[in-house]
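I opened this entry to keep track of what I looked up. My notes follow in the order I made them.

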Amino acid sequence: MQLPLTAFTMYLSSEACAPRTIQTYNAIIAAFDTSWQSRPGKGTTPTRTDVETFLGRSRKDGTPRAAATRNQELATLRVFSAFARRDLGWENDPTEKIPFVREPPRARTVLTADELQRSFHALSTGLRPQDRACNLAILALLSQAGLRVHELVKLDLDQVDLVTETLLRVEGKGGTAREIPLNERALLLLLDWIKERPKHALPGERALIVSSRGTRISIRTVERRIQRLREIMQLAKKATPHSFRHTFATLALLAGTDLAILAELLGHSDINTTALYLHCLDTRRREAVRKLAYTVPPEVLPVSPQADEPVPTPTTDPLPKTPEPLASPPPILLDDQQGLDDAA
């Protein structure tokens, strides 16, 4: 017996999973099915031992698999098990009591305001001239509206309301939709692309952003353009399309945006996900306190300051220009209906 991937795909679609989520889940279940089928003496349905053997396998080079990969695979198998118990008549859940493993914290890539401005300049002059308007519109939507890359590529032309200066029906995770206002400069860049778009789009194409072939741009094409942007800027940070979403959230909080409003703009179903960005506010508070150190005379200190650690002097700008990297939680790989938080 092989695991029914077609039925599983239909189940995921009925649960409003994103296409990339469905693709990832199917790849993991197919890999598990291959592992299970090769086990001698296997039963009619997978067991906990089958699952643990699959999760504990090594990479092709013999090295251990990353904790994030294992957690993603376990999360997928839990979803499949719930589907199998409901639709396939499985009596037991082979993933029951198998825990997720703790993942080491990872830093989110966040650009400073200066780096973001340089990004716009680089896209304006550094890539192909015929792509200038399109690239600037992409960067505006990522960094000024905080879109996920899959939300960007799914936008249609009729979702831009020029009267209200709003993106309409932006489809996020779990089939949710939201409206996102645009600031004046983002709207100007988008208008410039909309005027240029008829020269690039094939007749009848509905997509807002199109590729050089005149059809809806792909996620991979957007990723390649951002990668090329990094190379032109010689940016040490490993910026991706999602980095501009992180940058949007971070700079918005630093500008005083209310957390609940930011959660709405980002399309977070759980405000605790948005609260992860509050780390940057703690950075600002610490920096503000640090800059008061000059008011304590060094001669009264029990140990004189080290030569390579000068006492800070007053500044007219009491706020740091570069946010520190944000501590990232383990990546969330299930949609809202599975009871886990939305990814940032």
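**Helix H5 and what surrounds it**

I began with helix H5, residues 113-125, in this predicted model. H5 has 13 residues and reaches 19 Å from its first C-alpha to its last, close to the 18 Å expected at 1.5 Å a residue.

Next I asked which residues of H5 are buried. I found Glu115, Leu116, Ser119, Phe120, Ala122 and Leu123. Seen down the axis of H5, these buried residues fall within an arc of 165°, so they line one face of the helix. On the face turned away from that buried side I noted the exposed residues Gln117, His121 and Thr125.

I then looked for what covers the buried residues of H5. The cover includes helices H6 (132-144), H8 (184-196), H9 (219-233) and H10 (241-254).

**The cores**

I turned to the largest nonpolar core, which has 53 residues. Leu141, Leu147, Leu152, Leu167 and Ile209 have the most contacts inside it. At least two residues of this core come from each of H5, H6, helix H7 (149-154), strand S3 (166-171), H8, H9, H10 and helix H11 (259-266). Which element gives the most to this core? I found that it is H6, with nine residues.

**Asn71**

I looked up Asn71, which sits in helix H4 (residues 67-87). Is Asn71 buried or exposed? Asn71 counts as buried because its relative accessibility is 6%, and the cut-off for buried is under 20%. Beyond its neighbours within four places in sequence, Asn71 is in contact with Phe100, Val101 and Glu103. I also checked Leu55, 16 residues from Asn71 along the chain, and found their C-alpha atoms separated by 8.6 Å.

**The chain as a whole**

I counted 13 helices and five strands in the chain. Buried residues make up 41% of its 344 residues. Of the contacts between residues at least 6 apart in sequence, 60% join residues at least 24 apart.

I closed with the confidence values. The mean pLDDT of the chain is 81, and 82% of its residues reach 70 or more. Over residues 313-343 the pLDDT is below 50, and beyond near neighbours in sequence this stretch has 75 contacts in the model.

Technical notes: Residues are numbered from 1 along each chain as its sequence is written. This is a predicted model: local features need pLDDT of at least 70, side-chain atom pairs count only at pLDDT 80 or more; totals for chains, interfaces and linings use all residues. Side-chain values use heavy atoms; hydrogens and water are left out. Helices (H or I, at least four residues) and strands (E, at least two) are DSSP runs, numbered from the N terminus. Buried means under 20% relative accessible area, exposed over 50%, partly exposed in between (1.4 Å probe, protein chains only). Contact means heavy atoms within 4.5 Å. pLDDT is the predictor's confidence in each residue, from 0 to 100. The expected span of a helix is 1.5 Å times one less than its number of residues. The arc is that of the directions from the helix axis to the C-beta atoms. A nonpolar core is a set of buried Ala, Val, Leu, Ile, Met, Phe, Trp, Tyr and Cys residues joined through side-chain atoms within 4.5 Å.
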